[in-house]
Amino acid sequence: MPLRWQDDSALEDLVCYLEQLCSWIPVTVIDGSPDELFHRHAARFPPGVKHLRPDAGGEGNGKVAAVLTAVRLSTAERLVLADDDVRYTREALTAVVAGLDSAEVVRPQNYFSDWPWHALWDTSRTLVNRALAADFPGTLAVRRAALEATGGYEPVLFENLELIRTVTAAGGREQRAPALFVARIPPSARHFLRQRVRQAYDDFAQPGRLASELALLPILAGILCLPVRRRMPALLGAAVAGMALAETGRRRDQGRQVFPFRTVLFTPFWVLERAVCVWIALALRLRGGVPYAGTRLKTAAHSPATLRLRHAGKIRPVPAPFQDRKQP
């Protein structure tokens, strides 16, 4: 679990979760928080938690450095990487680890455990992702040998996509598990608002999607230029089309178990947000990248072709049934 906090307002909840988690699986927290918070965490975390600083050096996305520090220190073959807001149940944890029987990386599906307005808004993005392909959660399961074979992955902005692409480019297998639902605590509204442009910037790792989303604002401007009698039907049609797409994602792979219908109603607002933010992201790209933790990150993620040139053939998939050197 990579961790870098600026305040401890959620500490008690995290401690309770870690106490439960430690009874299921060995837990390592790589903590890049300021010294005062780090020492407080060391005092409060359960004794079973391995609590360490990330390795020194390296630039870019600090979450990648934290993950690779934990990978180097682990003796287990099957690893579960999870942000501090992810909340596994024992059943979900068992399932995601079992997925590594036949894959080198497993991608479950996150959903929010509570529904403030901004969680409903952000879930419309998740539903669109599920309708078009698959969503990107804040947790993955991965074989340690796969990451060791590739020497890790680059500290880019869209780090989970980079990890998945690196493993698959090297010959590893990805298992998408869109019906394996893992809860996630919604962020604060302020954090949600800070993430709008950064999430749009992720589209630079998916050129087709980027082009589509860049077209949204001109299309909207064209609709607004229509005569009044045609404008409203066109806007209503666009909104219904967006909600229909989101509802497709909600219904796919048992999504109705965890995604309430009202999340679909927020899709037009998310589309408007993305139509604007993707152009802001483009402007940031032209200025050198998106601000991130005091620096700028230009690369969202490397293309599959680039990663195949670097890593093709480095991973030889292990046939099932697989016997771990040491079970987590």
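## Salt bridges in a predicted model

Helix α5 (residues 117-132) holds both aspartate 122 and arginine 125, which sit three residues apart, about one turn of the helix. Their side chains meet in a salt bridge, at 2.9 Å from N to O. Please keep in mind that this is a predicted model. Across the whole structure, a search turns up 25 salt bridges, and here is a friendly tour of some of them.

**Pairs within a helix**

- Another salt bridge joins the side chains of glutamate 247 and arginine 251, with an N to O distance of 2.7 Å.
- Glutamate 247 and arginine 251 are four residues apart in helix α11 (residues 228-251), so about one helical turn separates them.
- Glutamate 247 counts as buried at 13% relative accessibility, while arginine 251 counts as partly exposed at 48%.

- Arginine 78 and aspartate 101 form a salt bridge through their side chains, at 2.9 Å from N to O.
- Because arginine 78 belongs to strand β4 (residues 78-82) and aspartate 101 to the loop between α4 (90-98) and β6 (105-112), the pair ties together parts that are 23 residues apart in sequence.
- Arginine 78 has a relative accessible area of 6%, so this residue is buried, the cut-off being under 20%.
- Aspartate 101, in contrast, is partly exposed, with a relative accessible area of 31%.

**A network**

- Salt bridges also link Lys63, Asp83, Asp85, Glu159 and Arg184 in a network.

Technical notes. Residues numbered from 1 in each chain as written. Predicted model: local features only at pLDDT ≥ 70, side-chain atom pairs only at ≥ 80, totals over all residues. Heavy atoms only, no water. Salt bridge = Lys/Arg side-chain N within 4 Å of Asp/Glu carboxyl O. Helix = DSSP H or I, 4+ residues; strand = E, 2+ residues; numbered from the N terminus. Buried < 20%, exposed > 50% of the residue type's maximum accessible area, 1.4 Å probe, protein only.
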